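Reader: I'd like to learn how to read a model like this one, feature by feature. Can you give me the general idea each time and then the case at hand?

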Amino acid sequence: MLRFFISFFSSLFQMMIHILTTKKHIIQNVLSIYIKTTGGNISIDIDPKCDVSHIKKMVAPQIGLQPEELKVIFAGKELGDDIIIEECDLGQQSILHVVKIKPGNVQSKISASSTPNSKTLMPLCESLDDLMFSASSGSRTASISIGNETSTSDSLLDEIEVVANNEKSKPKKVHFYVYCPTCKKLTQGKLRVRCHFCKSGAFTVHSDPQNWSHVLESKQITGTCENDSEFCENILQNKEPTFAEFYFKCSEHISLGENDQAVPLDLIRPNLRQLQCLACFEITETIFSFPCEDDHVTCLDCFEAYCKAKLSDRQFWQHPEYGYTLACPSGCANSFIKEIHHFRLLDDEHYERYHRFATEEFVLQSGGLLCPQPGCGMGILADPECIRITCQNCKYVFCRNCLQGYHIGSCDPPEIQETSGTSGDCGTELNCDNRNGAGDDASRTTIKVITKPCPSCKTPTERDGGCMHMVCTRAGCQFHWCWVCQTEWTRECMGDHWFG
Amino acid sequence: MANIAAQRIKREFKEVIRSEEVAKCAIKLDLVDNNYTELRGEIAGPPDTAYEGGNFVLEIKVPETYPFNPPKVRFITKIWHPNISSVTGAICLDILKDQWAAAMTLRTVLLSLQALLSAAEPDDPQDAVVARQYKENVEMFRLTARHWTNAYAGGPNANPECDEKIKRLVDMGIEEHQARVALSSYNWDLERATEQLFS
Ligand SMILES: [Zn+2]
Ligand SMILES: [Zn+2]
Ligand SMILES: [Zn+2]
Ligand SMILES: [Zn+2]
Ligand SMILES: [Zn+2]
Ligand SMILES: [Zn+2]
Ligand SMILES: [Zn+2]
Ligand SMILES: [Zn+2]
């Protein structure tokens, strides 16, 4: 009952503060946080300048214990008594866990007393060092293969200087970038830790994560679950160690509760090593680091431009594990982006297209085909024997084999496409070609036809002048075919009509 | 988006201007418009080839999606080469298609094209007019390529015999370039070229 009143009044107080802070910004120095204890939840308002022992003094009487009997847990660490709250990067409405020190639990006493370095008593998000999360999978080389040999050595020098500077000054606080579904954008994330089994935040890690895979993959770091229910101990019966589970919260909006999480975008990193964007050659503060051996990076603008360019050519890959994704723009091996949430960096229009193309790619891989009508492109699954296809979306009825309007008998040579509405474009194409003095009839007639289906996957493909040797641009197909014969590219094609 | 392409070309342009190849006059790059969307390249014919001493001008169009898609490149100077259209100047080269990578530059492209002049690809000869000649009569191919280099690219090696045959056809009312193509296609057999032109 008493607890009820306390929480009632404190939430009332909190509401008042909320009103005051939002309206007048008078009381900026109060942090409203939740304390999760064995006996229930308490909401308190504290001065961010006070330390952890102060919290213990505030909470202890409310749960009938002495301050010395308590430990405060946040983001995987038991907080030292002299830690100032401000230094912990607690947002409004954050949750701190207060548990009673178990008499037999030597583990926590060791970790609290035997470490002279107070760094381990900081929450994980504050104590981790940016460098180890910025280096890619073990490779220490920083090659900037832009085809500009002179700048490579310069940049290497820069890099060494930067690292040295970082070692002299105190290690920079780790930066995590996330996609926040609430803010609907890229924000900085805060690392949080909970028990892998019972999901309780009253959990301390035995060691700090050393790299991204420790954070992203499950069961990498062991810890001690301090959840009072002893649920975990009962379940596991010491057969398996207890594991930490890492997750992220957005730092730009007030937490909406424990389920308010953000998706880590692990390839977006601070540019500690001053790497150059491979596309625009700029050195920006934040970079997209491709998972390739050469440490290729782009700035975020170029990453977006890269996605848009590849999207319009349908050059994303349908990866069996990761989904519809891209690899390093330098064509490095095994460099696919695993976390497809990175594509949330696209604006709404392009993200919507990304989704549509991903679905269509799935249709194609399942043996379906796409409506050839400009602006439609609907994915259609039809019987393989069925030649007459009707698009459910735009009602276009077409021939499965030549993607032209449906017809009886064999497929016509595709010159008829000239009449299908894109004549404006055709006209300019023609003029350009005349101006260039190409002047041969063969190239003039073929330019009328701007698109033909790839003979292998039927994706409409555009020819923009040049030779008749086509390579299907759709990722996963890349069929080499002949624009004239509409079959696989052969020696005969090369001999007879390579250039028309 | 287009400004990424423009910004990149701006920097590449500077890179090429300062490069040692420009100092050696092996490659050259000029702007055609102020938006960095069209450039004019120039490569020197590699030494010890039929193209030696010639200067070959290229049209380079930069797509909006550059450098994630390759530039569109075409020979403006007429050239006799198995991988380049003698009619349109179109080039069949993998790095200008699916083997393009965003870290490549216009300098890479110019140097690759120069390399293509030294060693035609694919190595096993094809059936196309030029490619067939390249395979069946490499001396005739070299002679023809050298003659084209002299006629269109300012190459120093004139071949009076070729010039004489062309003059004969021109005197018959045939346009000079057309005459050159016909003669080149028929291994400088005046009779067969004439036959083809008047058939
Ligand atoms: Zn947010
Ligand atoms: Zn647990
Ligand atoms: Zn960039
Ligand atoms: Zn790479
Ligand atoms: Zn349709
Ligand atoms: Zn048909
Ligand atoms: Zn295809
Ligand atoms: Zn063909």
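Predicted model: local features only at pLDDT ≥ 70, side-chain atom pairs only at ≥ 80, totals over all residues.

Reader: What does UniProt say about B:Cys92?

Author: The unreviewed UniProt entry puts the annotation "active site" on B:Cys92. An annotation of this kind may be inferred rather than shown by experiment.

Reader: Is B:Cys92 buried or exposed?

Author: The cut-off for buried is under 20% relative accessible area. B:Cys92 has a relative accessible area of 11%, so it counts as buried.

Reader: And which residues is B:Cys92 in contact with, leaving aside neighbours within four places in sequence?

Author: On chain B they are B:Asn83 and B:Lys97, and from chain A come A:Cys467, A:His469, A:Trp498 and A:Phe499.

Reader: What is listed for A:Cys467 in UniProt?

Author: "Active site" again, from an unreviewed entry. A:Cys467 sits in the loop between β22 (460-462) and β23 (469-471) of chain A. Its relative accessibility is 5%, so A:Cys467 is buried. Not counting residues up to four places away in sequence, A:Cys467 touches A:Trp498 and A:Phe499, plus B:Ala90, B:Cys92 and B:Lys97.

Reader: Let's do cores. What's the general idea?

Author: In soluble globular proteins, nonpolar side chains tend to be buried together. Here, the largest nonpolar core has 45 residues. A:Ile33, A:Ile35, A:Leu96, A:Leu191 and A:Phe246 have the most contacts inside that core. A second, separate core has 40 residues, including B:Leu29, B:Tyr36, B:Ile43 and B:Leu96.

Reader: What does A:Leu191 touch?

Author: Setting aside residues up to four places away in sequence, A:Leu191 touches A:Ala75, A:Leu124, A:Cys125, A:Leu128, A:Phe176, A:Val215, A:Phe246, A:Tyr247 and A:Phe248.

Reader: I also noticed A:Arg192. Where is A:Arg192 found?

Author: In strand β7 (residues 185-195) of chain A. A:Arg192 has 6% relative accessibility, so this one is buried too. Beyond its neighbours within four places in sequence, the contacts of A:Arg192 include A:Asp89, A:Glu245, A:Phe246 and A:Tyr247.

Reader: On to aromatic rings. How do I read a pair?

Author: A pair of aromatic rings is described by the distance of the centres and the angle of the planes. Over all chains, the structure holds 24 aromatic pairs. Take A:Phe290 and A:Tyr306: the centres are 6.0 Å apart, with 80 degrees between the planes, and the pair is edge-to-face. A:Phe290 is in the loop between β13 (286-289) and β14 (297-299) of chain A, and A:Tyr306 is in helix α9 (residues 300-312), 16 residues apart. Both A:Phe290 and A:Tyr306 are buried.

Reader: Which kind of pair do A:Tyr306 and B:Phe68 form?

Author: A tilted one, at 4.9 Å centre to centre and 45 degrees between the planes. A:Tyr306 belongs to helix α9 of chain A and B:Phe68 to the loop between β3 (55-61) and β4 of chain B, so this pair joins two chains. B:Phe68 is buried, with a relative accessible area of 4%. Both rings are part of a cluster linked by ring pairs, and A:Phe288, A:Phe303 and A:Tyr351 are among the other members.

Reader: Which charged residues sit over rings?

Author: Two cases to look at. A:Arg314 lies over the face of A:Phe357, 4.0 Å from the ring centre. Then there's A:Arg388, whose charged end sits over the ring of A:Tyr406, 5.6 Å from its centre.

Reader: Last topic: how is chain B divided into domains?

Author: Into domain 1 (3-118) and domain 2 (128-198). Their C-alpha centres are 27 Å apart. As for contacts, 14 residues of domain 1 of chain B meet 20 residues of domain 2 of chain B. UniProt, in an unreviewed entry, also lists "domain: UBA" for residues 161-199 of chain B. That stretch, residues 161-199 of chain B, is 77% helix and 0% strand, with its end C-alpha atoms 24 Å apart.

Technical notes. Residues numbered from 1 in each chain as written. Chains lettered and ligands numbered in written order. Heavy atoms only, no water. Core = buried A, V, L, I, M, F, W, Y, C linked by side-chain atoms within 4.5 Å. Buried < 20%, exposed > 50% of the residue type's maximum accessible area, 1.4 Å probe, protein only. Contact = heavy atoms within 4.5 Å. Helix = DSSP H or I, 4+ residues; strand = E, 2+ residues; numbered from the N terminus. Phe/Tyr/Trp six-rings, centres within 6.5 Å; stacked < 30°, edge-to-face > 60°. Lys NZ or Arg CZ within 6 Å of the ring centre and 35° of its normal. Domains from an automatic or database assignment.
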